Amino acid sequence: MRIALAAAVGRHPAARADAPAAIAGLTLDIAPGEALAVIGPSGAGKTTLLQLIAAALRPSAGRVELDGTDPWTLPRAALQRLRGRLFLAPQTPPLPPRQRVVTAVTAGRLPAMGFWQSLAALVHAQDIGAAEAALARFDLADKLFERVDRLSGGERQRVGLARALLSPAALWLVDEPLSALDPARAAQALAALRDEAAARGVTLVASLHQVDAALASFPRVVGLRDGRLAFDLPAAEVTPARLQALYAAREDFAPVIEDLPAERPLVAGRC
Ligand SMILES: Nc1ncnc2c1ncn2[C@@H]1O[C@H](COP(=O)(O)OP(=O)(O)OP(=O)(O)O)[C@@H](O)[C@H]1O
């Protein structure tokens, strides 16, 4: 799925009217099948950006287009169908506590289903084999029939990611997929998402706090700060100086990236 933002402005619905916009006029193009990581300090607007792209948050100015269509011009039913073509994995997956893992993973198909199909899928987990295969990509196949509330936080997070593999979506939006994972699991989870998205031609956009993982696993990295684009570069061109500028403590100090000395890139080449 192609994504285009043109001077898009996004505000959290609960934000004060006089608060600066979380996304403050962002222009960005993402090609179908591309994999992109969004990094930036806490409060930079990463989650808000994903919500704008997911048509979960309406831009207060500018435009967001998915495959050339502004979702907010669509009739309600068409907007629902469009939302069924994308998969948004929130930081904390909303998994009902007493649900079995197999049902939770199969629920990845729900947004693309009609009402009766979704009801059937909740009562009888469809396609157990597909759920098991998806869980195996995250090293969780042995938890297929476990109850969700008997999993660790990191296991629940991986179940939330395994859902994407059951979804027929053309766009995966993954918000902080690694926050509860140890480094080895984090690398495995990112590799699974990247490889599966590439194999299906799915566009993948992930917000990440783990800069090293973003640079190692994604060919293109966007740096966000105060809701604006700090950089949009191939991973190989994201230098320590750019990262220092991106994460510099506020104190009214925002270094101009172009003024910083050129430094050795952190990664050897594109992934
Ligand atoms: N629940 C909320 N109520 C009001 N304003 C909010 C809320 N959540 C976010 N915001 C506003 O939106 C801004 C961007 O938040 P967002 O969650 O998009 O950032 P983020 O980069 O994802 O942060 P983090 O890395 O901490 O998850 C915040 O700085 C805040 O101004």
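Helix 1 (residues 46–53) is mostly covered, with eight of its eight residues buried. Here a residue counts as buried if 20 or more other C-beta atoms lie within 10 Å of its own, as exposed if 12 or fewer do, and as partly exposed in between, with C-beta atoms placed from the backbone. Helices (H or I, at least four residues) and strands (E, at least two) are DSSP runs, numbered from the N terminus. The structure is a predicted model, in which local features need pLDDT of at least 70 and side-chain atom pairs count only at pLDDT 80 or more, while totals for chains, interfaces and linings use all residues. Residues are numbered from 1 along each chain as its sequence is written.

The chain has nine helices and nine strands, and of its 271 residues, 41% count as buried. Two residues are taken to be in contact if their C-beta atoms, placed from the backbone, lie within 7 Å. Among contacts between residues at least 6 apart in sequence, 69% join residues at least 24 apart. The average pLDDT of the chain (the predictor's confidence in each residue, from 0 to 100) is 86, and 86% of the residues score at least 70. Over residues 252–271, however, the pLDDT is below 50, although this stretch has 38 contacts in the model beyond near neighbours in sequence. Where pLDDT is low, the predicted coordinates should not be read in detail. For the complex, the predictor gives an ipTM of 0.95 and a pTM of 0.87.

Back in helix 1, the buried residues are Lys-46, Thr-47, Thr-48, Leu-49, Leu-50, Gln-51, Leu-52 and Ile-53. Two of these, Thr-48 and Leu-52, are in contact with Gly-10, a residue of strand 1 (residues 3–10). Leaving aside neighbours within four places in sequence, Gly-10 also contacts Ala-21, Ala-22, Ile-23, Leu-57, Pro-59 and Ser-60. Gly-10 is itself buried, with 27 other C-beta atoms within 10 Å. The C-alpha atoms of Gly-10 and Arg-58 are separated by 7.2 Å, though the two residues are 48 apart along the chain.

In all, 13 residues surround the ligand, the closest being Ala-22, Ser-42, Gly-43, Thr-47 and Thr-48; a residue is near a molecule or strand if its C-beta atom, placed from the backbone, lies within 6 Å of it. By class, this shell has five nonpolar, seven polar and one charged residues. In this scheme Ala, Val, Leu, Ile, Met, Phe, Trp, Tyr, Cys and Pro count as nonpolar, Asp, Glu, Lys and Arg as charged, and the others, Gly among them, as polar.

Ala-55 has a positive phi of about 55 degrees although it is not a glycine. This residue is found in the loop between helix 1 and strand 4 (61–66), and counts as buried with 21 C-beta neighbours inside 10 Å. Asp-67, also not a glycine, has a positive phi of about 50 degrees. Asp-67 lies in the loop between strand 4 and helix 2 (76–83) and is partly exposed, with 15 other C-beta atoms within 10 Å. In helix 2 sits Leu-79, which touches Ala-55, Pro-71 and Leu-74, not counting residues up to four places away in sequence. Leu-79 is partly exposed, with 15 other C-beta atoms within 10 Å.

Helix 7 shows a clear division between its faces. Ala-186, Ala-189, Leu-190, Ala-192, Leu-193 and Ala-197 are buried in this helix. They cover an arc of only 155 degrees around the axis, which puts them on the same side of helix 7; the arc is that of the directions from the helix axis to the C-beta atoms. An α-helix has 3.6 residues a turn, so residues three or four places apart point the same way. The buried residues of helix 7 pack against strand 3 (35–39), helix 5 (128–137), helix 6 (153–166), strand 6 (171–175), strand 7 (203–207) and helix 8 (211–217). The face turned away from the buried side carries the exposed residues Pro-183, Ala-184, Asp-195 and Ala-199. Helix 7 is followed by Gly-201, whose phi is positive, near 70 degrees.
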